[in-house]
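Work through the exercises below with the sequence and the model open. Each task is followed by a solution in steps.

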Amino acid sequence: MSGFYQGMMLVLLLSMVLGLVRLVWGQRPADRLMAVQLLGTAGVAILLLAAQAYQQPALRDVALVLALLAGVTGVAFVRLRPDWEELDR
């Protein structure tokens, strides 16, 4: 079963690479934020799969902290950028 988890981690890693491409070449700040959220979500999923594959429960705690930080980051970005309409033009 560990091979399945490792294969899924590889797929998620590939999605993270695509997210990095979007982060570098994103045209709007909202595009870049969505890329960062994708990286955070995929990172959490990889950590959860690694915790299960390698029987390391501490990785679940790290994944939980990263998930909480990703949520706070999204909220902070939206709250600190009230000029969305001006950025889309």
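Helices are DSSP runs of H or I with at least four residues, strands are runs of E with at least two, and both are numbered from the N terminus. The model is predicted, so local features need pLDDT of at least 70 and side-chain atom pairs count only at pLDDT 80 or more, while totals for chains, interfaces and linings use all residues. Residues are numbered from 1 along each chain as its sequence is written, and side-chain values use heavy atoms, with hydrogens and water left out.

**Exercise 1. Overall make-up**

Task: State how many helices and strands the chain has, and what share of the residues is buried.

Solution. Step 1: the chain has 4 helices and 0 strands. Step 2: along the sequence this reads α-α-α-α. Step 3: buried means under 20% relative accessible area, exposed over 50% and partly exposed in between, with a 1.4 Å probe and protein chains only. Buried residues make up 26% of the 89 residues. Step 4: contact means heavy atoms within 4.5 Å. Of the contacts with a separation of 6 or more, 51% come from residues 24 or more positions apart.

**Exercise 2. Packing of α2 and α3**

Task: Describe how α2 and α3 pack, giving angle and axis distance.

Solution. Step 1: two packed helices are described by the angle between their axes and the distance between the axes. Axes are lines fitted to C-alpha atoms, for helices over the stretch in contact, and angles run from 0 to 180 degrees between N-to-C directions. Step 2: α2 (residues 29-53) and α3 (residues 58-80) pack at about 170°, with axes 8 Å apart. Step 3: angles under 35 degrees count as roughly parallel, over 145 as roughly antiparallel, 65 to 115 as roughly perpendicular and the rest as oblique. The pair α2 and α3 is therefore roughly antiparallel. Step 4: residues making the contact include Leu33, Val44 and Leu48 of α2, and Leu59, Leu66 and Phe77 of α3. Step 5: Ala, Val, Leu, Ile, Met, Phe, Trp, Tyr, Cys and Pro count as nonpolar, Asp, Glu, Lys and Arg as charged, and the others, Gly among them, as polar. By class, this contact has 14 nonpolar, 4 polar and 1 charged residues.

**Exercise 3. Packing of α1 and α2**

Task: Give the angle, axis distance and residue classes for α1 and α2.

Solution. Step 1: the axes of α1 and α2 come within 9 Å and cross at roughly 165°. Step 2: α1 and α2 are therefore roughly antiparallel. Step 3: the contact of α1 with α2 has 19 nonpolar, 5 polar and 3 charged residues.

**Exercise 4. Two polar side chains**

Task: Is Asp31 buried or exposed, and which side chain does Gln6 join in a polar contact?

Solution. Step 1: Asp31 is found in α2. At a relative accessible area of 14%, Asp31 is buried. Step 2: a polar contact is a pair of N or O atoms within 3.5 Å; within protein, one must be able to donate a hydrogen and the other to accept it, and residues adjacent in sequence count only if both atoms are side-chain atoms. The side chain of Asp31 makes such a contact with that of Arg22, at 3.2 Å. Step 3: leaving aside neighbours within four places in sequence, Asp31 is in contact with Arg22 and Gly26. Step 4: Gln6 lies in α1 (residues 2-25) and is partly exposed at 38% relative accessibility. Step 5: the side chains of Gln6 and Tyr54 are joined by a polar contact of 3.0 Å.
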